[in-house]
Every structure is written in C-alpha cells, then in structure tokens.
Amino acid sequence: MSIMVTPEAILLILANPCPDSSSDLPEIIVQVTDLKPTGTKYMFMANDGKTKVRALLQSALSSEVTSGNIQNLGLIRILDYTLNDIPTKNEKFLIVSKCEAVSPALESEVKTEGDESLLKKPKLEMDVMSEVKKEANGIVLRPKQETVAKSAAQIVNEQNRNMAPAARMAMTKRIQPLVSLNPYQANWTIKVRVTSKGNMRSYKNARGEGCVFNVELTDENGTQIQATMFNDAARKFYDKFQMGKVYYISKGTLKVANKQFKTVQNDYEMTLNENSEVEEASNEAAFIPETKFNFVPIDELGPYVNGRELVDVIGVVQSVSPTMSIRRKINNEIVPKRDITIADETKKTVVVSLWNDLATSIGQELLDMADKSPVVAIKSLKVGDFQGVSLSALSKSVVVVDPDTPEAKKLRSWFDSEGKETTLAAIGSGLSPSTQSGARSMYTDRVPLSHITSNPSLGEEKPVFFCIKAYVSYIKPDQTMWYRACKTCNKKVTPAVESGYWCESCQKNEQECSLRYIMVVKVSDASDEAYLSVFNDQAEKIIGCAADELDMLKSDDDNSSYQMKLKETTWLPHLFRVSVATNEYNNEKRQRITIRSVAPIDYATESKYLIEEISKMKVSK
C-alpha cells in the first residue's frame, strides 16, 4: 500500500502544539514543499494536501537533507515537534526536532479540496480548532457547535484556572528539550543540569560598568546551551546555580550565538534577567545528561589552535605517561598532570594533557589498561600550540573509555585490522624548529593565495584558516604601523591629562608605554597578491625588530635607515598561517585576511612537501 499524507495532519498539530512525548502522537505524515537552506538549518512548508504551515528542521536533521533522505516534494513522518506563535508576523511556525523520511520526491505537490495556508492564524483558529477526539479507530473531528469557538490559548487558560494549585504548577513544568528552543518562543520551561559555571567578572565600557557571569546547561538528551547573566541577574543567580545540580528554568530569552565566543555546540545562546525563574529540582529524580560528541579528526585540529572553540576527539590510546606535578605560574599552586597520546584513522597522533582529578582517576585507569590500546572519547578540549598541536582538558571535559558508539567500533576495527601495524606521525611533525611556537604544521592545508582571493564567500559564517607560502612584496612606509600600548595588558593607552599615559583597561596611569605593531603588508605568490593584516608578534618576525626600535629609525633626520629596514624586509619567502573572515564596511562585504603565525622556509621539509605534491599530480594523471 502506498504511503500518503495524513488527512488533516496540520489540524492535528494545531490541536496539540506542544506534545509531552512523541509516544502520545498519532501518525503524522506531511509533504515537504519549498525546501531551502537557512544557515545550518532547512526551512520548508509542511503540506497535508489541504493546509500548510511554515516549518523548520532543526540543525541535527540537516544531514538528512544533505544525504538525500529528505527531499523537496518528499514525505516525512513527524515524530517530535513544537508549534510556536510569531506575534509580530501573526503566524504559526512549526519546529521539527525529530522526523524520518518515508518517501522520496513525488511527481507533484499533494492537493485536495479546500487547500488553505496556515501562515495567518486567527480566523483559522476560530474555524478549525473544534474539539479533537481520539477514538480507537483514529482521530475524529466533531462538527462545529453553534457556540462561539475559543482559541487554543483561551481553552488552556480556562483549564488552568479550574485546576488546583499543584496541578497548575505541574502544567507550568511542561518541559521542552533544548533542541526545540528558538528566539521566536516566548513561554518555555527547560530542565537542565549545570555542567560548567564561570566566575563573576567585572566589566567597564562606554555604556557603563557592571558584572557578568555565565553557565553551561545540558538537558538529559545531551544538548547544551550557554546562559549569560548581567548585573542584577548575575548577583541574583550566581549563588543559586551550583555545579552538577538540576534546575527548571523559564522566562529567559534566546538570540543567535556569537560564534567567536561560544564554547558549546548550539546555534543559540540564552540570556537570563532578574525576572527569569530558576527553580532547583530538589525533590525529583535528577538525571545524568547523555554525552553527545562532535568529533574532529586529529589531522583537522589545526584551525582550532589557540581559538575559543572547544573540540571533541576520539582515538586509540598509544601511550600514557606517569603523573607529573606542575607548578602554575599564576598562583604557584601544584597540580597533577598526565599526558596520553592517541591516534585515529587519519594516521596522526596527538598528545592530550589531563589535569587534576582526570589525571589521577581516569588517567590511572588508562595507564593500567594501556597495553590493551583502549579507545577513548574526550569532550571539550582546548587546542594549543605546544609541539605544533596539542590538546588540554578543562574542568568540564568528559572522558569516556571504550564508548559504545559507532565511531568507537569503527575506530577499533581499523586499529585491529591495520592501524597497529601502520606508521603513525604526530600532527605537529613537519614543523621546522622555529615554528614550535606557531599554530601548527604549515603543510597540512597549504593553498595558493588565489584560492583565497578568488573565493569572496570564504569566512562568511566563521573564520577559516589556511597556510600559504608567499613573499612580502610591499610595506607602505607612511601608514600607521603601531599604537601606544600599556606595558601590563598591551591594550591601547591615551595621553594622560598631566603626564604619562592612561590605560582604560587597567584603570591606572603609567609614565611609560610601549609600541606594538598593527599594520598592513602586501604579499605575493605565483598565483596572486593581496593585502594582509598583521599584528605585533608576527610583524616582529617579518620586520626583524620591535616597533620601538623601528620608531627610533623613523625618527632619524634623513629617515633613510627606516626606509632601508622596510626594503630589506621585502621579497623574502615566508610560510604564513592566515585566517580569512568577511567584514562589512559601508554596507559592502569585504574579505579580511589576517596573518596568525609566521615561519621561515625549512628547505628540507619544503622539498619533501613538493615531492609529495608532484607524486599526487602523477597519480591523478
């Protein structure tokens, strides 16, 4: 029997806008029409042949579209959803958080008599929100009564008023999963565990001064979101939120996450104000969040070096070091540390540093079973530049030994069949000695300059990273090449009223300051040329002296030493690691290329790289 759309499917959704669980839902099959991407998600019109509603597939379902399982004009079975109101647009909006494809694209759009759209809601609610009655044979619509129909909101309000206080409280605890939240929702309640809590921080800017802190929240499905509180809200909830405890939270707001500063995998971030409600779930069974991973292959860790974004990795343990005692420079505190080396199918290895309890507990467990080469999955690691690329655990990192996941089984199969006999190389190999303080190997994602300049859309969503080999072909001598900086924090200072320099960041006056580079250089290779932004540490490597020294040369009467110094800098080959982002200036998008690290050419390593590239060309031919 052919699968068809569920008659009155949209009406069923209207009658139950926020189901408690997917098990309570009847079968809802709709047709996908007008499917189109929006950021990392996909929008479409859900069509049951008679009515339509605008809908959104959560980002977790995007892979179903890209793989071809969900197609335009195809049929899907909706398993879990939330129906939201958008008051400003007078519109219904369906958020699909769980579904499955049941049919590829049909020849045409399904239509029956009375086709109408649910884009505008008021009249439709009055006409079609007649009572829905569940019977053994399915869903039966009762005929409309002569009395005036009530909206769904009116019915719910009347029911709530007739309930006992305890029952009304239970209604307010209708929990929604984090994956279903979006900025268009006004009323929601979530049940989450605090998995990370930041310190209270003070700030001062042009709008004034205040305090702020944030927490990372995780629901039982493993979905995470960052919540931020300012001033009164921060003071109200700082002591309220405790690590590891479970809370009900409502009356917060969501906005699109700033990708530059987010530390969890979520398209949105939450803000709680002093009117938000936070209630500890103390008398109820708590939960341990499901740990969800978003693994990054070891050979693709480079773009994350020294960035704010944390990564998840999975690998086979190759070695485990004994526990070491490390003295922190900040407070002279001695903390335990243990290094483990892991490898994956990319045939690369990386060192992961475990600290404190992770070093003494999980680290000891891994040491005891190191001869069995266990598979380990680690969540929330910071990527550093020690020996090219390294990983470091944080207080919120999660380590799972031999996880029961498809990725772990695949990795174990690879290692047992061929990995343990394969020659493995550290991801930092290929670096010349002088690049140990750089970001990563300059040979793993090398591209010609034209690859960047010919793709103006690169970096639109988030900065992307590449390595290039190029020459500094020109440095404009009359540009502003440095700024006056505080010797403590390196932030810009301004001349004080009487004498010295005022640092807004440190809130103090100093008699002396230093100069730090901030400049633009023109670089060229065989394919193209471009202007690149460069900052202090990288500029010192390019020019060969500090900004204070170059300023002294520029101050000479004839200025010739300054000109000569810049001339000597040009037409020398360098390896550059660059970030590419898109900025908007005067309503025009422009590509901004910034030098992140600089290394001289190591000709032995460069020769090996070129030989490998030639070999690839021969194979392709």
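Let me begin with Leu 178, which sits in the loop between helix 5, residues 165-172, and strand 9, residues 189-197. The model under discussion is a predicted one. Is Leu 178 buried or exposed? With a relative accessible area of 3%, Leu 178 falls under the 20% limit, and therefore counts as buried.

What does Leu 178 touch, leaving aside residues up to four places away in sequence? Its contacts are Ile 190, Val 192, Leu 217, Thr 218, Asp 219, Thr 223, Gln 224 and Ile 225. I would also point to Gly 222, which is 44 residues from Leu 178 in sequence, while the two C-alpha atoms are 9.1 Å apart in space.

Ala 281 lies in the loop between strand 16, residues 277-280, and strand 17, residues 311-320. Its relative accessibility is 10%, so Ala 281 is classed as buried. Setting aside residues up to four places away in sequence, Ala 281 is in contact with Lys 191, Val 246, Tyr 247 and Tyr 248. Of these, Lys 191 is 90 residues from Ala 281 along the chain, and 8.2 Å separate the two C-alpha atoms.

I turn now to a strand pair. Strand 10, residues 201-205, pairs with strand 11, residues 208-218, in the antiparallel sense, and five bridges connect them. The link from strand 10 to strand 11 is a hairpin of two residues. Which residue of strand 11 stands opposite Tyr 203? That residue is Gly 210.

How many cavities of 30 Å³ or more does the structure hold? There are two. The second largest cavity contains about 30 Å³ of space. Its lining consists of Gln 226, Ala 257, Lys 262, Thr 263, Val 264, Asn 266, Tyr 268 and Glu 269. Sorted by class, this lining comprises three nonpolar residues, three polar residues and two charged residues.

Finally, I place these details within the whole protein. The protein contains 14 helices and 32 strands. Of its 621 residues, 43% are buried, and Leu 178 and Ala 281 are among the buried residues. Where contacts link residues at least 6 apart in sequence, 63% of them join residues at least 24 apart.

Conventions
Residues are numbered from 1 along each chain as its sequence is written. This is a predicted model: local features need pLDDT of at least 70, side-chain atom pairs count only at pLDDT 80 or more; totals for chains, interfaces and linings use all residues. Side-chain values use heavy atoms; hydrogens and water are left out. On a 1 Å grid over the protein atoms alone, a cavity is a set of points where a 1.4 Å probe fits but cannot get out, and a pocket is an open set with protein on both sides within 12 Å along at least five of seven lines; lining residues have an atom within 4 Å of a point. Grid points are joined across faces, edges and corners, and a volume is the space filled by probe spheres set on the points. Ala, Val, Leu, Ile, Met, Phe, Trp, Tyr, Cys and Pro count as nonpolar, Asp, Glu, Lys and Arg as charged, and the others, Gly among them, as polar. Helices (H or I, at least four residues) and strands (E, at least two) are DSSP runs, numbered from the N terminus. Buried means under 20% relative accessible area, exposed over 50%, partly exposed in between (1.4 Å probe, protein chains only). Contact means heavy atoms within 4.5 Å. Two strands pair if DSSP finds at least two bridges between them.
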